[in-house]
Amino acid sequence: MTNTWISILIMWLVTLAIRVLPVTLIRKPIKNQFLRSFLYYVPYVTLAVMTFPAILSVTDNPAAGLLALIAGIIMAWLGADMFLVAGALCGIVLVISLLL
Amino acid sequence: MIKKKTQAYQFRPSVFLAGMRDGVPIGLGYLAVAFALGIAAKKAGLTAGQGFIASVLCSASAGEFAGFTLIREGAPYIIMALTTLVINARYLLMSFSLSQRFSPDTPLIHRFFVGSYITDEIFGITIAQKGYVNPWYSYGAILVAVPLWGIGTAAGIVAGSLLPASVVAALGVMLYGMFLCIFIPPARKDRSILLLIVICFGASFAASVLPYIRKLSSGNRTLVLTVLISAAAALIAPRKEEEAHD
């Protein structure tokens, strides 16, 4: 069993290192094209992987999650504000769970 | 000789207050999303105090979400370190970019403190300043937004046990709404990102049903898929210099 405080400490130290090392030590842009490209793609990949299919299991009914996903993609595609999207998805899941 | 030169990093009340003002809408949004994050933290067994401290220290939505999932799964510390490294890798890119925006004479301490609170939103408003970055503007925004992120997380942990399960599940979906808003708009502008996301959805779904692979914890699957898909994308479709700047 792992200790929660130690896990939080590791999470913090790694996050901090990532954020402060380049800005404090390295003052030149990254030249390596592979590394630049890799770092460019990582946020999209990691967020997409974490979103699907996990969003289907937010409730016992996968259809609620699927509807929220579709609505969220459409709203985000159309450029809706992040917090409006978050609220709308919350409403969709709530309404579906109350209806069924 | 006589006139003292104004430094780009000098404290000016108007700059600090402007930062605080711009931190308000960011902080209110954080409050709502952190609430959903708190629900994930609650599932991992964190107390409200632990959630508040984790959020105020880390202030990273996807990173904390993945971290809490790992705590829930009892993942080893090395996996926690690697996952945090990969999931927060975008901050590395932002930190490089930020390093170019301080005046050369800015003391290291300011670079450290502004750097330590790079989030998508705070980075965004910090580099939107004209000319050199004044750290006091960022401090103003951080001072408003980050405590709200922590309070939201703690509130999610507390309320997560008071509210009915259906409401908790509905609130939990907000975090995915925030994720969608980060990766869908760029997919609209750039076909290669759209294709990448479709591949990610497919691969992530496959990994959740395929024998052996599905036995991996979701945290480990995220880590492996992120490294493999991002590396493949970087090899197949390398970014040109000017594209990789945002």
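Welcome! Start by colouring chain B by secondary structure: chain B has 12 helices and zero strands. Helices and strands here are DSSP runs numbered from the N terminus, a helix (H or I) needing at least four residues and a strand (E) at least two.

Before you go on, some ground rules. This is a predicted model, in which local features need pLDDT of at least 70 and side-chain atom pairs count only at pLDDT 80 or more, while totals for chains, interfaces and linings use all residues. Residues are numbered from 1 along each chain as its sequence is written, and chains are lettered from A and ligands numbered from 1 in the order in which they are written.

**Stop 1: chain B as a whole**

The mean for chain B is 89, and 96% of its residues reach 70 or more. For the complex, the predictor gives an ipTM of 0.88 and a pTM of 0.78.

Now zoom out. The C-alpha atoms of chain B fill a box of roughly 75 × 50 × 35 Å along the principal axes.

How many of the 246 residues of chain B count as buried? The share is 51%. A residue is buried if 20 or more other C-beta atoms lie within 10 Å of its own, exposed if 12 or fewer, and partly exposed in between, with C-beta atoms placed from the backbone.

**Stop 2**

Select Ser59(B), in the loop between α2 and α3 of chain B. Ser59(B) has a positive phi of about 30° although it is not a glycine. Is Ser59(B) buried or exposed? Ser59(B) counts as buried because it has 26 C-beta neighbours inside 10 Å.

Next select Tyr212(B), in the loop between α11 (191-209) and α12 of chain B. Here phi is positive too, near 65°, in a residue other than glycine. Tyr212(B) has 6 other C-beta atoms within 10 Å, so Tyr212(B) is exposed.

**Stop 3: a pair of helices**

Show helix α3 (residues 61-73) of chain B together with α12(B): they pack at an angle of about 135°, with their axes 8 Å apart. The axes are lines fitted to C-alpha atoms, for helices over the stretch in contact, and angles run from 0 to 180 degrees between N-to-C directions. α3(B) and α12(B) are therefore oblique to each other. On this scale, angles under 35 degrees count as roughly parallel, over 145 as roughly antiparallel, 65 to 115 as roughly perpendicular and the rest as oblique.

To see the contact, select Ala66(B), Thr69(B), Leu70(B) and Glu73(B) of α3(B), plus Ser218(B), Gly219(B) and Thr222(B) of α12(B). Two residues are in contact if their C-beta atoms, placed from the backbone, lie within 7 Å.

Stay on helix α12 (residues 218-236) of chain B and pick Val224(B). Val224(B) counts as partly exposed because it has 16 C-beta neighbours inside 10 Å. Draw a C-alpha to C-alpha distance from Val224(B) to Val86(B): it is 9.7 Å, although the two are 138 residues apart in sequence.

**Stop 4: chain A**

Switch to chain A, which has four helices and zero strands. Its radius of gyration is 19 Å, whereas a compact globule of 100 residues would have one near 13 Å. Along its principal axes the C-alpha trace spans about 55 × 40 × 20 Å.

Find Pro53(A) in the loop between α2 and α3 (62-77) of chain A. The peptide bond from Phe52(A) to Pro53(A) is cis, with omega near 5°.

**Stop 5: where the chains meet**

Show both chains again: the contact takes 81 residues from chain B and 62 residues from chain A. On the chain B side, helix α10 (residues 174-189) of chain B gives the largest share, 13 residues.

Finish on Leu39(A), in helix α2 (residues 33-51) of chain A. Leu39(A) is buried, with 22 other C-beta atoms within 10 Å. What is Leu39(A) in contact with, leaving aside its neighbours within four places in sequence? Select Ala89(B), Arg90(B), Leu92(B) and Leu93(B).

Notes: pLDDT = per-residue confidence, 0-100. Rg over C-alpha atoms; globule rule 2.2 N^0.38 Å.
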